[in-house]
Amino acid sequence: MTAGAILAGIPLTAMLLYERKNAQLTRQDLNYYETLQEQYDYTSMFVMTEDVTAGEELTAAMIREQRVQSTEDLSLVQPLTQEDLVGKRLKVSLTKGAAISADVVYEGAPVTDDERRIELRGLDLPQTLRENEFVDIRITFPNGEDYLVVGHKRVYRIIHDDEGEVLAVQMRFLEEELLRYQAACVDVKIFRDTRLYAVQYTGEFQAAGRVFYPVNRDVFRLMQWDPNIVELFLVEEEQEQRSVLEAGLERFLSEETEETEENSDPEQSAEEKYPEETKEPLTLYTGLPEET
């Protein structure tokens, strides 16, 4: 009888030991997960509830807030609110479930098919210019006339060389804006003392300046049949304004030339007037083969 009781108690003891072992393992697992949870940092972010293509305006139904965790430090992550996103447009297409960050949205009109990234060089820039600021690109002529060539453009990137000097700035131009800018570059080459420069806006809330620079006749004609221009803003008076611009410049430059000639010494030799140009004889290259 005693032996039977002992034999019957062995399974019960084994079961108790097994349960105690399981409870100990469970406490260890619980402590491990609690320690692991303490290593996570939590934040809230918004994700897409549907597929949305680039340029579309976000609505409240397209996004939802979701709590996320990470072992990385999230203290520097700037949390977004629904007000920060609703009404903004996407720079890139996002699929359902994709996270939304501040750098993939923008405020403004949708990106059009003729918009391109442009790197501008040879443009006089303000020393205080920073990325993401808005500027107007203007052209100033030697007679003091000053025109707005391309208005309210965001500076997306400032490109520096190895020594820190500014090489170029990156903006986004429509087809018409690109043609107007190229026409202005031609004027800089044709009319001496003409320059292109950028002026900063005081804040993003300011309305865009209205372009009133009249392009030359060749570019004007090109704009009328360029198939890449989505919307054309030409006005009939633009070529009349161009004629006035060119007439004023020609008059100013001719008067300036006459004044320079009057102030020059007629008895001064060519060597004294142009010492660098008279050191070597001029050579004319015609591109024609020499006679045999």
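**Group meeting: cores and helix packing in a predicted model**

The accessible surface of the protein chain comes to about 20,900 Å², and 51% of that area belongs to carbon and sulfur atoms; areas were computed by the Shrake-Rupley method with a 1.4 Å probe, and for residues only the protein chains shown count as cover. This is a predicted model, in which local features need pLDDT of at least 70 and side-chain atom pairs count only at pLDDT 80 or more, while totals for chains, interfaces and linings use all residues. Residues are numbered from 1 along each chain as its sequence is written, and side-chain values use heavy atoms, with hydrogens and water left out.

The chain has 292 residues, of which 28% count as buried, that is, under 20% relative accessible area with a 1.4 Å probe, protein chains only. Its secondary structure comprises six helices and 11 strands, taken as DSSP runs numbered from the N terminus, with helices (H or I) of at least four residues and strands (E) of at least two.

The largest nonpolar core has 32 residues, and Leu-120, Ile-137 and Tyr-213 have the most contacts inside it. Such a core is a set of buried Ala, Val, Leu, Ile, Met, Phe, Trp, Tyr and Cys residues joined through side-chain atoms within 4.5 Å. At least two residues of this core come from each of several elements, including strand S7 (134-140), strand S8 (146-154) and helix H5 (238-263). Helix H3 gives the largest share, four residues. Apart from this core lies another, of 14 residues, among them Leu-80, Leu-90, Ile-100 and Val-104.

Which residues does Ile-137 contact, leaving aside its neighbours within four places in sequence? Among them are Leu-120, Tyr-147, Val-149, Met-171, Phe-173 and Leu-196, where contact means heavy atoms within 4.5 Å.

Next, the helix pair. Helix H3 (residues 175-190) and helix H4 (residues 217-225) pack at an angle of about 170 degrees, with their axes 10 Å apart. The axes are lines fitted to C-alpha atoms over the stretch in contact, and angles run from 0 to 180 degrees between N-to-C directions. H3 is therefore roughly antiparallel to H4, a term used for angles over 145 degrees. Glu-176, Leu-179, Arg-180 and Ala-183 of H3 meet Val-219, Leu-222 and Met-223 of H4.

Finally, Ala-183 of helix H3 counts as buried because its relative accessibility is 0%. Beyond four places in sequence, Ala-183 touches Tyr-213, Val-215, Asn-216 and Val-219.

Key:
Parallel < 35°, antiparallel > 145°, perpendicular 65-115°, else oblique. Buried < 20%, exposed > 50% of the residue type's maximum accessible area, 1.4 Å probe, protein only.
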